[in-house]
Amino acid sequence: QVQLVESGGGLVQAGGSLRLSCAASGRTLSNYRMGWFRQAPGKEREFVAHIRWSTGNTYYADSVKGRFTISRDDTKKTVYLQMNNLKPEDTAVYYCAAQHVLGPSYNYWGQGTQVTVSS
């Protein structure tokens, strides 16, 4: 089992920045891929970014590329999402998730944290 707890959401003006954190506990994460997803009101959940824990390799959705950065701190077992130049369309509940690298899907999820960007 992997437990995930997100924090760091809030209200920010367009052009501002926020850093989300996802604290993980339970299994060792070396065989996991950690992802950030978001869900806006009335929309389906969408992929934002992921990082392979063991290698640090990252991948981003086109909509956030160049503005968001995903990283991890091995000693703190925490994944971060640094969000810069935020836009109103980034408003959503942001979720952290974990997927075993051999697994078909993300099967561990956090409770989510709200990000609201005002224009």
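A residue is called buried here when its relative accessible area is under 20%, exposed when over 50%, and partly exposed in between (1.4 Å probe, protein chains only). By that definition Tyr32 is buried, and so is Tyr108. The model is predicted, so that local features need pLDDT of at least 70 and side-chain atom pairs count only at pLDDT 80 or more, while totals for chains, interfaces and linings use all residues. Residues are numbered from 1 along each chain as its sequence is written, and side-chain values use heavy atoms, with hydrogens and water left out.

Rings of Phe, Tyr and Trp (its six-membered ring) pair if their centres lie within 6.5 Å, and planes under 30 degrees apart count as stacked, over 60 as edge-to-face and the rest as tilted. By this rule there are 6 aromatic pairs, including the two in the table.

| Pair | Centre distance | Plane angle | Class |
|---|---|---|---|
| Tyr32 and Tyr108 | 6.3 Å | 55 degrees | tilted |
| Phe37 and Tyr106 | 4.9 Å | 80 degrees | edge-to-face |

Phe37 and Tyr106 are both buried. Ring pairs also link Phe37, Phe47, Tyr59, Tyr106 and Trp109 into a cluster. The charged end of Arg45 sits over the ring of Trp109, 3.8 Å from its centre, where the criterion is NZ of Lys or CZ of Arg within 6 Å of the ring centre and within 35 degrees of the ring normal.

Arg38 is buried, with a relative accessible area of 6%. Its side chain makes polar contacts (pairs of N or O atoms within 3.5 Å; within protein, one must be able to donate a hydrogen and the other to accept it, and residues adjacent in sequence count only if both atoms are side-chain atoms) with the side chain of Glu46 at 2.5 Å and with that of Tyr94 at 2.9 Å.
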